[in-house]
Amino acid sequence: MALQVNIHDILGQLYQHRDLVAYLFANRDRVSLNELIAAGSLTQEQYLKLKSLDLIYDYEGVISLNDAVVSMFEEFMEIGEVTPGLVRDYMNELQRQLRFYTDIRELRFLRGVKKYLKRIDVALSREIIKLQKNVDDTYKNESNYRVKIQKLEDYREKRDTIISFIKSTHDIIDTNRNLFNLSNDNELFGIVSALKHSLIENLDYLIEIQTDITDYINKIQLQLDSYLKAQQVKEIKDRGQLYYQTNFKSVIESVNTLRHNNIKTPRTRISVNALFTDEGHVLCQKIAEKYKLSRLLARGIAEKLSGNYKEKALEQQLKLDTERLVERFLNQEKQNLFLYLMDYKFPKAIGDVHLEDRLSLFVEIAMEYQNKMDFKYRLEYYNYNDAQQQHRKIGYTLIVPPKLKSSKKSKTPQRT
Amino acid sequence: MLAEDFNLPKQTHTIFSIMARGHFISSNGTREGMNRLYDIINNPEHFERLQAYFNIIHYQIERGNNYFYFSKMQEPQSELEKKLERFERYLDIIDLFASMDNKITIGSRFRPSEIAEECVANVRLKQKLQKIPLYRSETLHNKVREICDLLSRDSFLELEDEKTESYKVLDAYTYLLDIVNAIAIYEEPSTLENTKL
């Protein structure tokens, strides 16, 4: 990094361009300058400034973050390449400090010993975590199988290196046990016993990782073998001998997956009752809209059914026609509403419409459409015979279509 | 008996609706939370309960290497012709994948255009691709696309990113390789063949 910068500058610049830094960190070695400028995440001046601070590099138009920045992030997040060499450095340093301390029993060397013992502990665990992550990641995400195998082999080697480090750390502790005892330092005892414990634990992890690596390599090998076999079978197929030279037919016959046996998903039909619910109505409306079925569209969401809804079934059916009926009534001029209803020929589907039904329809229309009609507030009478063949007379208010002046109408019928 | 009596995981419905469609549930699938569903079925306790539950309606959960699928008990295996035809086509596709420089294996990510490019550059691959019987195939690219589409409909691949058209190979792909491995090649051609020659 350029010598003239200070930490505030670097932090300031990193913070100011945090989106860019995050983007570059996620897309290493893939982003070109033009791309960034076109996307608006970087201007030419910003680019020059960052470059002058050595925070980003530009190699043949590809922008990448400074390696130091990248490795700093990686260290913190415990990702990135496994670097067991670091542990070796710590071990060398530890041995140097131990030599000093053996010669001169000074506290500052003991402090050094403690520091490096701690660092070895942390570094080993971190490297192992990284190793595990990398092995999994390689198996799952590396798309080239040759690179994949090679990488896994490399990790196997790194694992062996880490194991050898663990062993030599163990040896160092063992050989210096007397020295540690002599120091009579409680903190040191704590550090050493913690380190010993984690060494054993880490060894277990490494054995697991080894199993994983072997498993993965075997799996890849198996896939490659299958590919060879597939090519062989395909050759036989191309020669037209697939059914004679192999047991292809019987193998395929035993295939039991649903899809290949053409077993369809169990089909269900919507229940009619469900269509009468509000959800069902919404569904119906959707379908009606799609196929332009006006009959379905006209139906509103069902109201709560009254207790005796079965008895009222006929009435409800009549209700469905009411609007139409009123419309027709308004378009004629000959009759008033009451007589119109009495004479009206209802569709056969509804069946016989009795006088009572017609009367209630009359009341209903009178109440619902009172704004559209002309009420004359004049009584007229209607004669009829009831079920017992008795002579009866009904009084009713004259109601006429608004333009018709001379007709008759009623508001409420009055039985006499 | 109530469904609760089986003490089933709450994802049972989702598991059923995926597998009853004839799809595989792979451990490395991500769509519809597939990896999560895999973990649920893979839990030995859940597996037993689900198996018992689905057995009632004659579905059997079959376990493969990192994948699960349904088979149907007491169902006459039908349409052998179609099945054979289908697996012959799979064989063609696997052979194509096997002959590529960058072999496609479990967990591989690729784009149809990459395969198409390789086929353009390599005459042998190009011939292989052209010989695979498919319906719409004006260009090599479209043909590869159709293959990917076919495999992802059978849940061997997963379309990971629609924008970049990148596919991921799921664990269920092992099923096809297992089938290939199960095929025995007779060392000598039958005597009938010999007499013909």
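Which residues in H1(B) are buried? I began my entries on this predicted model with that helix, and I noted B:Ile15, B:Ile18 and B:Met19 as its buried residues. They lie on the same side of H1(B), because the arc that they cover around the axis is only 90°. I then looked up what these buried residues pack against, and I found E1, helix H2 (34-42), helix H3 (44-56) and E3 of chain B.

Next entry: chain B as a whole. I counted 9 helices and 6 strands in this chain, and of its 197 residues 36% count as buried. I also looked at the contacts in chain B with a separation of 6 or more, and 54% of them are accounted for by residues 24 or more positions apart.

Next entry: the sheet. I traced an open sheet of 3 strands in chain B, with antiparallel pairing and the order E1-E3-E2. Its edge strands are E1 and strand E2 (59-64) of chain B, each of which pairs on one side only. I looked up one of the bridge partners by name, and for B:Gly64 the partner in E3(B) is B:Tyr67. As a reminder to myself, strands of a sheet pair through backbone hydrogen bonds, either parallel or antiparallel.

Next entry: B:Gly22. Where does B:Gly22 lie? I located B:Gly22 in the loop between helix H1 (12-19) and strand E1 (25-26) of chain B. From B:Gly22 to B:Phe70 I read a C-alpha to C-alpha distance of 6.8 Å in space, although the two are 48 residues apart in sequence. Leaving out residues up to four places away in sequence, I listed A:Thr257, A:Leu258, A:Arg259 and A:Ile263 as the residues that B:Gly22 touches.

Last entry: the interface, which I took up after those contacts. Here 39 residues of chain A are in contact with 46 residues of chain B. On the side of chain A that touches chain B, the elements that give two or more residues are helix H7 (107-141), helix H10 (186-238), helix H11 (242-245) and helix H12 (248-253) of chain A. H10(A) gives the most to that side, with 12 residues. I divided the residues of this side of chain A by kind, and I noted 15 nonpolar, 17 polar and 7 charged.

Technical notes: Residues numbered from 1 in each chain as written. Chains lettered and ligands numbered in written order. Predicted model: local features only at pLDDT ≥ 70, side-chain atom pairs only at ≥ 80, totals over all residues. Helix = DSSP H or I, 4+ residues; strand = E, 2+ residues; numbered from the N terminus. Buried ≥ 20, exposed ≤ 12 C-beta atoms within 10 Å, placed from the backbone. Contact = placed C-beta atoms within 7 Å. Nonpolar A, V, L, I, M, F, W, Y, C, P; charged D, E, K, R; others polar. Pairing = 2+ DSSP bridges. Arc of directions from axis to C-beta.
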